[in-house]
Amino acid sequence: MRLRFSLFVLLVTLFTGCYYDNEEYLYGGLETTPCDTASVTYGGTVLSILQRECIGCHGASAPGGGVSLHTFEAVVASASSGKLLGTIQHAAGFSPMPKGGNQLPACELQQIEAWINQGSPNN
């Protein structure tokens, strides 16, 4: 009887002791590296984010919502009007993008905002 009880306690401890040992669950997916916003350029940073997250729907052929982001000039126009930042930050009054998806990671939002604030440099 004592052996069964000891085995039961051991099994309960093993199954419940490590249940939440997932780093993202415990720490909310906090980024461990600092976000570089000092040297953000279109070609060096912003373009890769847009290609991964936006160009699929907002490319050259039949851009979603009539918003094309397939050229540097088009992106600068959207950034200058405030639409780019408003939509990716899910700000009130803007259609949140990516549509039906989660907001971009905080660092990428900060990088795009820094790029806009720095005058939208190309390289």
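A disulfide is a pair of cysteine sulfur atoms within 2.5 Å. I keep that cut-off at hand for this predicted model.

**Entry 1: the disulfide**

How many disulfides are in the whole structure? I searched and found 1. C35 and C107 form it, with their sulfur atoms 2.1 Å apart. I then looked up the torsion about the S-S bond. The value is about 85°, so the C35–C107 disulfide is right-handed.

What does the pair tie together? C35 lies in the loop between helix 2 (23–27) and helix 3, while C107 is in helix 6. The bond therefore links parts that are 72 residues apart in sequence.

C35 is partly exposed, at 24% relative accessible area. C107 counts as buried, because its relative accessibility is 13% and buried means under 20%.

**Entry 2: the cysteines C54 and C57**

Next I turned to C54. C54 is in no disulfide. Its nearest cysteine sulfur belongs to C57, 8.8 Å away. C57 is in no disulfide either, and the nearest cysteine sulfur to it is that of C54.

Is each one buried or exposed? C54 is buried, with a relative accessible area of 11%. C57 is exposed, with 54%.

**Entry 3: the nonpolar core**

I moved on to the largest nonpolar core, which has 17 residues. Which members touch the most others? I noted V46, V75, L84, I88, I112, W115 and I116. Four helices each supply at least two residues of this core: helix 3 (42–53), helix 4 (72–81), helix 5 (83–88) and helix 6 (106–117).

Leaving out residues up to four places away in sequence, I88 touches M97, Q103, L104, L109 and I112.

**Entry 4: backbone notes**

M97 came up again here. The peptide bond from M97 to P98 is cis, with omega near 0°. P98 is found in the loop between helix 5 and helix 6.

H90 is in the loop between helix 5 and helix 6 too. H90 is not a glycine, yet its phi is positive, about 55°. At 30% relative accessibility, H90 counts as partly exposed.

Where does A62 lie? I found A62 in the loop between helix 3 and helix 4. Its phi is near 50°, a positive value in a residue other than glycine. A62 counts as exposed because its relative accessibility is 74% and exposed means over 50%.

Conventions
Residues are numbered from 1 along each chain as its sequence is written. This is a predicted model: local features need pLDDT of at least 70, side-chain atom pairs count only at pLDDT 80 or more; totals for chains, interfaces and linings use all residues. Side-chain values use heavy atoms; hydrogens and water are left out. A nonpolar core is a set of buried Ala, Val, Leu, Ile, Met, Phe, Trp, Tyr and Cys residues joined through side-chain atoms within 4.5 Å. Buried means under 20% relative accessible area, exposed over 50%, partly exposed in between (1.4 Å probe, protein chains only). Contact means heavy atoms within 4.5 Å.
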